[in-house]
Amino acid sequence: SLWNLNPTKIAAHANRLKIILSERLEKTRWNLYHPIKDDNSCSHIVSLESSSESVNKQYSKLKKHKIICGIRNKRIRISLSHYNNETDINKLIIALK
């Protein structure tokens, strides 16, 4: 339940999801902009980049799949939250292929 969450647990959950996302991105043409262990990155804000795919086309595709995201600095930006789970990561990966 939401009442049992605290900032430490939320951050740990986001980090787990980010690791799963990073591993599954290997089967796509997209990469994390910041590596997993980058101290300059936030665990729940993730930027995706691709050297071969159009950010604007991918953004439109993600929106059609009802994935909430944005574009910032020519990258796809997503937020991993306490209510996201591995199913959400799988849905994102499918839409990125």
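How do the axes of α2 and helix α3 cross, and within what distance do they come? I kept this question at the head of the page while looking through the structure, which is a predicted model.

**Entry 1, the two helices.** I looked up helix α3, which covers residues 86–96, and found that its axis and that of α2 come within 9 Å of each other, crossing at roughly 135 degrees. I then listed the residues that make the contact: α2 contributes Gln58, Lys61 and Leu62, while α3 contributes Leu92, Ala95 and Leu96. Sorted by class, the contact of α2 with α3 holds four nonpolar residues, one polar and one charged.

**Entry 2, the sheet.** Next I traced the strands, and I record an open sheet of four, with antiparallel pairing and the order β1-β2-β4-β3. At its edges I find β1 (31–32) and β3 (70–72), each of which pairs on one side only. Helix α2, made of residues 55–64, packs on this sheet and touches β3 and β4, and its direction makes about 35 degrees with that of β4.

I followed strand β4 (residues 75–79) to strand β2 (residues 45–49), with which it pairs in the antiparallel sense over four bridges. Along this pair I noted Leu48 opposite Ile76 in β4, and likewise Ile45 opposite Ser79 in β4. As a reminder to myself, strands of a sheet pair through backbone hydrogen bonds, in either a parallel or an antiparallel way. Turning to β3, I see that three bridges join this strand to β4 and that the two run antiparallel, with Gly70 standing opposite Arg77 in β4. The hairpin of β3 and β4 has two residues between the strands, and in this hairpin Asn73 takes a positive phi near 55 degrees.

Is Leu80 buried or exposed? I placed Leu80 in the loop between β4 and α3, and its relative accessibility is 5%, so I count Leu80 as buried. Leaving aside residues up to four places away in sequence, I find that Leu80 touches Ala14, Leu17, Lys18, Ser43, His44, Val46 and Ile89. I also looked up Leu25, which lies 55 residues from Leu80 along the chain, and the C-alpha atoms of these two are separated by 15 Å.

Key:
Residues are numbered from 1 along each chain as its sequence is written. This is a predicted model: local features need pLDDT of at least 70, side-chain atom pairs count only at pLDDT 80 or more; totals for chains, interfaces and linings use all residues. Side-chain values use heavy atoms; hydrogens and water are left out. Two strands pair if DSSP finds at least two bridges between them. Contact means heavy atoms within 4.5 Å. Axes are lines fitted to C-alpha atoms, for helices over the stretch in contact, and angles run from 0 to 180 degrees between N-to-C directions. Ala, Val, Leu, Ile, Met, Phe, Trp, Tyr, Cys and Pro count as nonpolar, Asp, Glu, Lys and Arg as charged, and the others, Gly among them, as polar. Buried means under 20% relative accessible area, exposed over 50%, partly exposed in between (1.4 Å probe, protein chains only).
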